[in-house]
Amino acid sequence: MLRLSAEPVLAKGNRQYVYAHPSDPALIVKVPQPGTFDDHGHIPNTNRIERRFRRATMYKGFVREFREYLELKARVQEPGVELPICEVHGTVPTDLGLGMVYERISDPDGNLPPTLRQMIDEGHLASWHLTLLHTFFDTLIDNHIVVSNKNLSNIVFQTQGARLGRFVWVDSFGCKQALPLRKCSSRINAYGLNRVRKVVVGRAEEALAQANQVRRPAFSG
């Protein structure tokens with residue numbers, strides 16, 4: 001059993017805590033956040049049908065992400081290929097409950113890379129990042145990865161050198177549809193991903209335009 005209760009929380013989602021793996025620096029562990037589920041393992045306000053077919057809705061996000069990763073790896077098994085989503089390695093018992101083990105996306109210094117939201121808020125986004133962001137969405141489409149969330153905090157940028165790096169989707173990927181049309185049709189999924197792209201890239205372009213406006217010196221006649 002992994003001991004996480006005395007470890008610092010690396011990141012926090014709406015319903016989960018993220019910890020460094022105690023014995024493997026290349027991994028992280030996500031566990032359900034205390035207080036976000038009831039005694040039966042259900043997230044509050046989930047309907048009766050969902051509770052019947054999902055016996056522990058506190059883990060539904062983990063199951064969705066693991067399924068998406070597994071289906072991607074079934075198609076892409078070549079060693080050394082960088083994936084546009086983080087790897088999901090399976091479950092592990094911890095002193096905070098059952099956890100899910102994920103690949104730790106890190107910068108060269110070993111620290112967690114910034115999210116796209118942080119890059120925008122802290123003024124670290126450059127125009128060359130936009131090209132990589134479009135490449136990122138093209139890769140999601142080419143690999144038929146289902147993503148519907150538009151949260152900029154779910155996308156991180158891993159630096160790989162001077163003006164080099166890649167964007168990675170690290171949270172909330174996988175199909176949320178009751179009728180999984182996007183899983184069944186690459187065309188429908190591409191349409192959905194391009195809608196997400198429009199929001200995400202649009203927000204980045206807006207931030208860059210505002211930053212350039214601030215940096216532009218005022219004209220004095």
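I started with Phe136, which has 4% relative accessibility and so counts as buried (buried is under 20% relative accessible area, exposed over 50%, partly exposed in between, with a 1.4 Å probe and protein chains only). This is a predicted model, so I kept in mind that local features need pLDDT of at least 70, side-chain atom pairs count only at pLDDT 80 or more, and totals for chains, interfaces and linings use all residues. Residues are numbered from 1 along each chain as its sequence is written, and side-chain values use heavy atoms, with hydrogens and water left out.

Next I looked up ring pairs and got six aromatic pairs in the structure. Phe136 and Trp169 make a stacked one, 6.2 Å centre to centre with 20 degrees between the planes. For the record, rings of Phe, Tyr and Trp (its six-membered ring) pair if their centres lie within 6.5 Å; planes under 30 degrees apart are stacked, over 60 edge-to-face, and the rest tilted.

Why does this pair tie together separate parts? Phe136 sits in helix 4 (residues 127–142) and Trp169 in strand 7 (residues 164–169), so the parts it joins are 33 residues apart in sequence. I take helices (H or I, at least four residues) and strands (E, at least two) as DSSP runs, numbered from the N terminus. Trp169 is at 0% relative accessibility, so I noted Trp169 as buried too.

I then checked Phe157 and Phe167, an aromatic pair that is tilted, at 4.9 Å centre to centre and 55 degrees between the planes. Phe157 is in strand 6 (residues 155–161) and Phe167 in strand 7, 10 residues apart, and the pair links distant parts of the chain. Are these two buried or exposed? Both Phe157 and Phe167 are buried.

**Lys30 over Tyr102**

I found the charged end of Lys30 over the ring of Tyr102, 4.0 Å from its centre (the test is NZ of Lys or CZ of Arg within 6 Å of the ring centre and within 35 degrees of the ring normal).

**Thr94**

Thr94 lies in strand 4 (residues 88–94), and at 5% relative accessibility I count Thr94 as buried. What does its side chain reach at 2.6 Å? I found the backbone oxygen of Gly97 there. A polar atom of the Thr94 side chain also lies 2.9 Å from the backbone nitrogen of Leu96.

Methods. Polar contact = N/O pair within 3.5 Å; in protein donor to acceptor, adjacent residues only side chain to side chain.
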